Amino acid sequence: MLQQVLPKVERNEVMIMINWKPPSEGWVKLNIDGVYKEGSAAGCGVVIRDSNGVWRGGFAKNLGICSAYVAKLWGVVEGLRCVRSLGFNRIELNVDSSVVSQVLRRPGYGRPLGGA
C-alpha cells in the first residue's frame with residue numbers, strides 16, 4: 001500500500017483581544033458594522049453608547065444587494081444621522097474597515113479628531 005506523506009504545515013496564530021473602550025466624558029461612541037454575503041442582502045448596524053457605556057441608541061438596517069464597502073459606508077452615514085438626531089455633537093466614530101477609515105480621513109470627506 002502506497003502511503004502519501006504530506007508536509008507538516010505550521011500555523012502561527014496571533015490572538016488579539018478586542019474590547020470596547022468608552023469615549024471621553026461628554027462624548028458618545030458610535031460603533032458601526034456592515035455585513036455582506038455574496039448574492040444576498042447586505043445590512044448595517046449601529047450602536048451608540050456614552051462614556052459610562054450606557055446605551056443611547058442604535059439600529060440594524062437591511063440595505064439590499066451591495067458590497068461590504070458600501071454597507072459599511074451606509075452604516076457611517078445612517079449612524080451619523082441617528083446620533084445627530086439624538087442631539088449629540090461630540091461623537092467618536094468606530095468602524096472596522098481600514099478602507100472606509102482612510103476614505104473618511106481624506107481632505108474634504110471627513111475630519112478626524114484634532115483635524116483642521
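Modeller: A residue is called buried when its relative accessible area is under 20%, exposed when that value is over 50%, and partly exposed in between. This is a predicted model, and in it 23% of the 116 residues of the protein chain count as buried. The accessible surface of the protein chain comes to about 9000 Å², and carbon and sulfur atoms hold 54% of that surface.

The chain has 2 helices and 4 strands, and along the sequence they follow the pattern β-β-β-α-β-α. Among the contacts in the protein chain with a separation of 6 or more, 50% are between residues 24 or more positions apart.

L93 has 31% relative accessibility, so L93 counts as partly exposed. Leaving aside residues up to four places away in sequence, L93 touches L30, I32, V76 and L104. G79 is 14 residues from L93 along the chain, and the C-alpha atoms of the two are 9.1 Å apart.

Helix 1 covers residues 68-85, and V70 is found there. V70 also counts as partly exposed, because its relative accessibility is 31%.

Definitions and conventions:
Residues are numbered from 1 along each chain as its sequence is written. This is a predicted model: local features need pLDDT of at least 70, side-chain atom pairs count only at pLDDT 80 or more; totals for chains, interfaces and linings use all residues. Side-chain values use heavy atoms; hydrogens and water are left out. Buried means under 20% relative accessible area, exposed over 50%, partly exposed in between (1.4 Å probe, protein chains only). Contact means heavy atoms within 4.5 Å. Accessible areas come from the Shrake-Rupley method with a 1.4 Å probe; for residues, only the protein chains shown count as cover.
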